[in-house]
Amino acid sequence: MLASPYSGDHLAQAIVSDYFGQLPGEAVNRAVARRVPEVRRALAAHQALVAKLRFEKYTAGTPTARAEDQPFWVSSCSYPGMSRWLAVKQLVEELYFEGFGVLGCWLDTSDPQLVYDWITIPRNLWSVDAETQSVVIDKSVPAAYRMRAVVVPLGSSGLLVDGIDSIRQARKIEIARQARLDSPPAATELHITDPAFDGMERDETQKLIANYKEGRNKSSISVTPTYIEVKERGTSGSLDLFEEAKNSVRIDLAMHTGVPLNFVGASKEGGGSGGNVQYQNVNGETSDLWTYGSSEYAIAIAAALSADVVVGDGAEVRADASAFAVPAPLTIDPEAGDSAAPTEVTP
């Protein structure tokens, strides 16, 4: 297997393409996926939530034992043009699309077993050595950030594997809709019923159309010869089919990307007045986005940073998620025994 022993099957899938090329039907890459609005919006939402978290060092196994001396990388980054916020944002993108990411680590000079600083290594700047099965960072990355490579697995294969079919469907719908907009169906058709007129020249047919339009514009009534049959088609039905198809794909993309349905403009299928998804407030929507989507990325990052090769033995890294605590609703029945004071529920 051409993969690191601690990477999981999802890393092996990516490495296979490096050695054997893209498999048939894998034409969708990140650039194409980003052209799907729902994919781009979901990624931006996860990045916005996770990148503002502060990942800090704690004593392992204790609820409140925050380390007094925090690593440099907690709030800073020495890489030119890079910040801790941007490094985390890039890492979320790697996890989102690929299901794993790689950190390039600069080791602490005072304690070479610990990490002083780290950056996210883009997928095109690392590979796996076939002999040692270890991750090798490209030499275009500064040597300081090639001292140690740390893999951050998400535990799933990423959107470009799990959601590839839905992305392809979204692209097909968009291409078909664009083709329809470029060449819309005729709303009104003038059918020639007499074969004697089938050989009409283009100028003659244009004159016929102009006469029909002129009559309709003047009085909304037109007079047509006996050999012409008028058919009013309209376009609303065909456009409705596009909207239904887009909604169906949006539901699938919402499931794959871990965002609420209405966040990508989707509604529950099945019709009826109760079909649309509604949220009482922004806090509730953000809580769902965090609980069922963004928290997975935050937990994966914190778990990887908690490794002994990053923060040392007996320590772990946690993300402060208190910003996503949602107040419980006030009771409407004081006699039920519920407290009337709002409490916080930590996701």
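Tyr116 is partly exposed, with a relative accessible area of 25%. On the scale used here, buried means under 20% relative accessible area, exposed means over 50%, and partly exposed lies in between (1.4 Å probe, protein chains only). Phe72 is also partly exposed, at 28%. The model is a predicted one: local features need pLDDT of at least 70, side-chain atom pairs count only at pLDDT 80 or more, and totals for chains, interfaces and linings use all residues. Residues are numbered from 1 along each chain as its sequence is written, and side-chain values use heavy atoms, with hydrogens and water left out.

A pair of aromatic rings is described by the distance of the centres and the angle of the planes. Rings of Phe, Tyr and Trp (its six-membered ring) pair if their centres lie within 6.5 Å; planes under 30 degrees apart count as stacked, over 60 as edge-to-face and the rest as tilted. There are 6 aromatic pairs in the structure. In one of them, Phe72 and Tyr116 are stacked, with 4.5 Å from centre to centre and 10° between the planes. Phe72 belongs to the loop between strand E1 (55–59) and helix H4 (84–98), while Tyr116 belongs to strand E3 (residues 115–121), so this pair ties together parts that are 44 residues apart in sequence. Helices (H or I, at least four residues) and strands (E, at least two) are DSSP runs, numbered from the N terminus.

Tyr96 and Phe97 make an edge-to-face pair, with 5.0 Å between centres and 80° between planes. Tyr96 is buried at 2% relative accessibility, and Phe97 is buried at 1%. Ring pairs also join Phe72, Tyr79, Trp106, Tyr116 and Tyr145 into a cluster.

A charge sits over a ring if NZ of Lys or CZ of Arg is within 6 Å of the ring centre and within 35 degrees of the ring normal. The charged end of Arg41 sits over the ring of Phe263, 4.1 Å from its centre. For Arg123 the ring is that of Trp126, and the distance to its centre is 4.1 Å.

Next come the strands, where two strands pair if DSSP finds at least two bridges between them. E1 is mostly covered, with 4 of its 5 residues buried. E1 pairs with strand E9 (residues 315–319) in the antiparallel sense over 5 bridges. Here Glu56 stands opposite Arg318 in E9.

Another group of 3 strands forms an open sheet in the order E3-E2-E6, with antiparallel pairing. E3 and strand E6 (148–153) stand at the edges, each with a single partner strand, so one side of each has no neighbour in the sheet. Neighbouring strands of this sheet are turned by 30° against each other on average, direction ignored. Axes are lines fitted to C-alpha atoms, for helices over the stretch in contact, and angles run from 0 to 180 degrees between N-to-C directions. Strand E2 (residues 100–107) and E3 pair in the antiparallel sense over 6 bridges. In E3, Ile119 is the bridge partner of Gly104. H4 lies across E2, E3 and E6 and runs at about 50° to E3; contact means heavy atoms within 4.5 Å.

What is the phi of Gln133? Gln133 has a positive phi of about 60° although it is not a glycine. Most residues other than glycine have a negative phi. Gln133 lies in the loop between strand E4 (126–128) and strand E5 (135–137).

Two further residues show parts of the chain brought together. Trp290, in helix H9 (residues 282–305), is buried with a relative accessible area of 5%. The C-alpha atoms of Trp290 and His46 are separated by 8.0 Å, although the two residues are 244 residues apart along the chain. Tyr227 is found in the loop between helix H7 (202–219) and strand E8 (228–232), and counts as buried at 18% relative accessibility. Leaving aside its neighbours within four places in sequence, Tyr227 is in contact with His191, Ile192, Thr193, Asp194 and Phe197.

Buried residues make up 37% of the 347 residues. Among contacts between residues at least 6 apart in sequence, 67% join residues at least 24 apart.
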